[in-house]
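Please look over the sequence and the model, then read the notes below.

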Amino acid sequence: MNEMKNDQRSLSNLDRSKPDWCPGCGNYTILLALKRAVDELGLDSANTVVVTGIGCGSKINHFIRTYGFEGLHGRALPVATGVKLANHKLNVIVISGDGDAYGIGGNHFLHTCRRNINLTYITQDNSIYALTKGQTSPTSPQGKKTNSTPFGVLEEPINPLALAITAGASFVARASSFKLDQMTGLIKQAIQHKGFSLVNVMQYCPSMNRENNPNWFNENTCEIGDHNKENKQEALVLTERKDKYPLGLFYQVQKPTYDEQEPQIKDVPLVDQKLETDVSDLLEEFN
Amino acid sequence: MDKFTFMIGGPAGAGILNTGLQLFAKTCLRNGLSVFTCAEYPSLIRGGHNHLAVSVSNDEIFSSSREINLLVALDKLTVDEHMEDVKGGVIYDSSSFTVDLPEDILSFPIPLKEISEKNGSVLYRNTVAIGAAFGLMGIPLKEMEKIIKDKFSKKGDEVVDGNIKSARDGWDFVLNKPFPFKLAVGDKDQILLNGNDAVVLGAIKAGCKFISAYPMTPATSVLTGMARYSRAKGIVVKHTEDEIASINMAIGAGFAGARAMTCTSGGGFALMAEGLGLAAQTETPVVIVESQRPGPGTGMATRTGQGDLNFMLNASTDEFPRVVIAPGDVKECYYYIQQAFNIAEKYQMPVVLLLDKFLSTSCQSVVLDKDAGIQRGKIADKLEKRYEITQDGVSPRTLPGNPNGIFIASSYEHNEHGVEDESRENRIKMHDKRYKKLETLAEELPEPKLFGDSDFIVISWGSTKGIVREADKILKDDNSDFTHLFLPILSPFPKKVFEKLKGKKLIVVENNKTSQLSDLIAKETGRVVDHKILKYDGRQFNPEDLSRALREVMATGVKEVILSKRIMRRVGE
């Protein structure tokens, strides 16, 4: 973590407090990748909002010097959508754990994908509820024993990447918390992408999910390799690969974002528009 | 005469509500009269029984009435349902059914179906009947014909001509038939709109730029009204996946600096309860319009009630201050939604504007001449501590984009910097700070007015205001006066006014079973209410029955009266 302490650039001042995650937690590299990404892209800290829900990793916006909103469990995306529609000039980055994103917030996830709101969604996917000490999550594999499923999970895990692609997200990628450079690059690409971008980060949890340890990550992940990133079918097939989890960019297409389809905010963000509004012309239909 | 009530009834899909409103109520409005409309309809698209009552007067008018002076029945069910309230005449479609009317009722059988079909379509039945109604009342058709032209010109000349011909045929059909209720054309210049329309206009006036909501009767037309004007007035309208998203999006927009709102009814508000706490904890302005309908569960979607007061005041995890405003009429909807935005921003807390189906959907003729202006409170150019402890409890805030006030808004307990802090000292400090804002606001608000100087104080909130005022008119004629105390703001509660009421008899009137306002008065002031007049059958009070109940309470001292239609039940009997 030396690299982080030495980093003195604008967005990297740890001026609020220090992270209190477990030693070895994947959140440290996710935080580092995020900071590197925003610094390398030269984002203005005052024009950036990091929105989170509730979970171990949702405290991440306390450790980066931007505007932050740490909301309710599962509700980061609606808050972020409200922020973006009110002021679409802001860079909006949303960060959630897998329970937050795909469990309690699953409905918001689907609808935010199909809106293609221009924001970046980084999910910290460790396949476990860690802050509440080890219960099954929507991405836990079938059969996994957790303290809410002591005899094994009966459901199949969801496939967040396939969900995102079919629901209408325009940028879908998977990273690993052990591959800092690749993760940084994908987050940078996601932020630069115009539209809803998902970076699902497979994350190591050293306290609550030791089965998916560094060796497991080594053996079960691989590079995605070359494919046509605009081809939805190819991307979907890759998300369904069973032997290993490919890392990299699965799918990227250009299409109109929600915010740019609203002529009301084509030029001036809502927050910069005059409040005093004349309604006298609207009264005609009432007489 | 000072007040005339017209009613048209028939199956859903027959154009009762819309045509009745546009053709009858607006013609009266354009003839310079005061108008109050009240619609009843079941939750379905075709069939059932819909009816629209329109009261008109040359004086001010505060609510609809039970008594009907002219009933237009498109089906027999309408006669069966409403005959007992008719004092005047009945127009019915003699080409579709026959009825035996009592001798004291003036009967106007008109072959509505036959005449309308002759003019092009059975859909003009309403128009024939309304033309006949104006013929009986002595109101000229000129304005009605103009409205027909405006309303139907898109559908082509044939439809316009067919409707005008139908109205004239109706008028001619009743020519020279005796009818005792005549109305002189008036000179008022008003507009006709319902509570939800007024909320929409007021919100736009106040600079509301963002609404995120999920449709739920009877609040839906706030969402659709904002959507209709969104392009013209620069508003972003988001129909969300659910009410949880609605409130969280509005909070996000409020955090970013837009004036933001959501709207719903009780069921949707239940989903918003956690978000309400989020707004309170992060001190983010948000306005929630809640229009009540009877519950619990799905309840009665298209009926009215005032059963959500406790819920608005208490929905929370732990405890936190919120503002609850319940406008009493259409004009107040327009004014108080503007105030709601001011209070939400000045005090950085959630504000609930509480309506009900009766207020949301009843149209009233008004002049919108009272605006609240725009006050945004403490928005700073620069700050060190976002949640700084101040004397009035309100900390200056910055908006994202400002480089001199970067902060984090956290739903965790936090210190003055916004950083999580669970120490005992900090918890007490911040909890007190949030409550301090409500105390400051309470001092700023005007004291509710007392209308009258009687020993009996009738206390009401929300949409019952107009009905109490109409009941007051009836009782004034009888010399049984009361004083009306209307409470538009329920949180913070206006305690002080109760100091003036020592030795007076308190009568609470409200649309619920348990008299939630009485409990609130007892909790806030220690006063036990003397009498309660309650109604919880899903319908609003009417002035006739309410005045009867008030007369009885004041004469006999009966503790509690429950009303439903004409029936009065005295509790303890």
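Two strands count as paired if DSSP finds at least two bridges between them. By that rule, B:I8 stands opposite B:V72 in strand 4 of chain B. The model is a predicted one.

**Strand 4 of chain B and its neighbours**

- Strand 4 of chain B covers residues 68-73, and six of its six residues are buried, so this strand is largely enclosed by the rest of the structure.
- Strand 1 of chain B (residues 4-12) runs parallel to strand 4 of chain B, and four bridges join them.
- Strand 5 of chain B (residues 86-93) also runs parallel to strand 4 of chain B, with five bridges between the two.
- Within strand 5 of chain B, the residue opposite B:L70 is B:G89.
- Between strand 4 and strand 5 of chain B, the chain passes through helix 2 of chain B (residues 76-82), giving a β-α-β crossover that is right-handed.

**Where chains A and B meet**

- Chain B gives 53 residues to the contact and chain A gives 45 residues.
- On the side of chain B that touches chain A, helix 9 of chain B (residues 243-256) supplies the largest share, 10 residues.
- That side of chain B is made up of 31 nonpolar, 12 polar and 10 charged residues.

**Chain A as a whole**

- Chain A has nine helices and eight strands.
- The radius of gyration of chain A is 20 Å, close to the 19 Å that the globule rule gives for 287 residues, so chain A is as compact as a globular protein of that length.
- Along the principal axes, the C-alpha atoms of chain A fill a box of roughly 70 × 45 × 40 Å.
- Buried residues make up 51% of the 287 residues of chain A.
- Among contacts in chain A with a separation of 6 or more, 70% are between residues 24 or more positions apart.

Conventions: Residues numbered from 1 in each chain as written. Chains lettered and ligands numbered in written order. Predicted model: local features only at pLDDT ≥ 70, side-chain atom pairs only at ≥ 80, totals over all residues. Contact = placed C-beta atoms within 7 Å. Nonpolar A, V, L, I, M, F, W, Y, C, P; charged D, E, K, R; others polar. Buried ≥ 20, exposed ≤ 12 C-beta atoms within 10 Å, placed from the backbone. Right-handed = clockwise from strand over helix to strand, strands pointing away. Rg over C-alpha atoms; globule rule 2.2 N^0.38 Å.
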